[in-house]
Amino acid sequence: MKKMDLGKENINKLLLTFSIPCVISMLINSVYNIVDQIFIGKGVGTLGNAATNVIFPLVIIFNAVAGLIGNGAAANFSLKLGEGKKEEGGKIVGEAVTISFIISIILSLIAYILLPQLVYLFGCTKNVYQYAIDYGRIIIIGAPFMIIYSALSQLIRADGSPKYSMVLLVVGAIINIILDPIFIFGFNLGVKGGAIATIIGQIISFIMAVVYLRKVKSVKLNKDSFRIDKGIIRSLGLGLSSFITQSTVLALFIFMNNMMTKYGANTKYGADIPLSVYGVISKINSLYISTILGISIGAQPIIGFNYGARNYERVKETLRKVLLINFIVGLVFNIIFLLFPKEIVSIFISSSDSSYKLFIEFAVIICHSFLLLMGLNFLEMTTSIVVQSLGNVKKATMVSFIRQIILFIPLACILCIAFNKGIYGVLQAGPIADGITFVIAGIIFLSEYKKLSVINNNEEIEVDSIKNNYKGKKIVVTISREYGSGGRYVGRLLAQKLGIDFYDKELIALASSSSGLAEEYIEESEQKLVSAKFENNNDDRIFIAEEKVIKKLAREKSCVIVGRCADYILKDNKDVTKIFLYSDEKHTVERAVKYYNLSKKDALKEINKINKQRAKHYKYYTNRDWYNYNNYDLSINVDMLGVEKTAELIKNYLSEK
């Protein structure tokens, strides 16, 4: 597929191109489990269905890890492509590949060893135990293949190849569907046969995903790309919301399995039927969840790229359309579950099964109570992915917690235990949690949408309001300086001598207006950097906001800009002069004691810490050495001439230049 321009192509076309393959890809993951459930249900019966339900929490864990790596790396990758930083984008892809291999193998080994204990934690009963062990051991063997291809499929999609991402998953699913009846019925392997068919399909998908790495389109990969460094933390941070979303689903699944067996035992349905039915309903419901997440995740590259490129109107248009589509999907699924529960669950159990009648009866109860308002969940899932795409990991994480952890589980315990409603109280907590979550998610989504409008409206006004009376040829000077060198004062004096504007702390207000971040937060973050109390105080949102302001100032007026990696940000501007100012140890300590209230005893140690932190911060965003004088046009020891004459020297240099 030809690479599409995410910054210019029609949004409808982009959504169709990216979201449809993503939806299909997400559905394929659900189909793997549903197909096994159908054939195992027909071939083994209620206990077989219950066994796949007991093992499903493991599948959720594997998917959560794949999402942590894949979704996070894909979001970070899209942002870097939007910023035009292809080299960093290649590093993101390589690191994601390496970390997915390492984590998937370690996780699978742990799961295999602890499986006998885990199945009981996941709500297993004595009748179901052996089925669960037989099925789980084989599924765990295939877990590394599943985690790796799932993570890579997200990056393949972000690379502009959503169709390939879809095909690699479809091929694996088709193989699974073909092999399931062969192994389950033909070789009479029961639950083992379903698991074997699943992992064979996963291995094929894995091979196709790895082959794609040779033909990545947006960036070039080399051996160094696959080395893991601290940059992986940013990718995992952006994938944290997806991971937590899956983790909350895991918590819900384990909670519900145990509630079904414990309180189901006190009803005519017994422990095994509620456990089995909940598993079946959850697998079907995963089709709905996969569709919503597929549409939202498919839109991630579009949102991330345009947000990184500052095309906020295109971001808003994408958000509106994703929200509308997901609303319609939620409504359709809700109606289907309410009107056709018998028809849906009957395909998972044979009519000749002795528990058929009770199985269908309990399924109807779940659909008409627990899933009564399931269609409203679209807003929570959409909001979580959208906020993650905009780089606000903390808020996205909070949204992921709302429904399952903060609301449903406590409500279920209250209705079940305090009001003595048993298993029916657990089911009734579902629609209550759904309704409250819908309202909260709506408020959060609206606030993020309005913030984009504020950024767009203030972006021109705030910068243009700064007057520049300089009439000569445009001059832009960036000043990087060691702590205590007097560099800031040199910059201010230079600006006064030239009659142009000076920007240091003034950039905080401009960055705040540009990003929607609070001035206090930006200032506090910069103070942490200056105080050297935090080792890695890097916030990409602040850097992006300041980068945007700096580029705009340099484009439109003469000015002096202090710090904030401005020399790197403006490295391609021909009318920019880059200055580095430093000082000897003696004079640096004197200034620090006089102007920054440091004790003479601790001053040098504190100065060295701060300079080290500034160098790390610079390296983090530029991948260059702060002290490399080749990065600058002039490197001056301020102590040689003093602050006044250093400013005069730079002025004379500019006039000669």
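Reader: Which hand does the crossing of helix 17 and helix 24 have?
Author: The crossing is right-handed, meaning the near helix is turned clockwise from the far one by less than a right angle. Helices here are DSSP runs (H or I, at least four residues), numbered from the N terminus. This is a predicted model, where local features need pLDDT of at least 70 and side-chain atom pairs count only at pLDDT 80 or more, while totals for chains, interfaces and linings use all residues. Residues are numbered from 1 along each chain as its sequence is written, and side-chain values use heavy atoms, without hydrogens and water.

Reader: Switching topic: which residues touch the most other members in the largest nonpolar core?
Author: Leu-58, Met-256, Phe-408 and Val-426, out of 148 residues. Such a core is a set of buried Ala, Val, Leu, Ile, Met, Phe, Trp, Tyr and Cys residues joined through side-chain atoms within 4.5 Å. Helix 2 (residues 46-82) gives the most to this core, with 18 residues.

Reader: And Asn-176, buried or exposed?
Author: Asn-176 counts as buried because its relative accessibility is 0%; buried means under 20% relative accessible area, exposed over 50%, partly exposed in between (1.4 Å probe, protein chains only).

Reader: Where is Asn-176 found?
Author: Asn-176 sits in helix 5 (residues 162-186).

Terms used. Helices (H or I, at least four residues) and strands (E, at least two) are DSSP runs, numbered from the N terminus.
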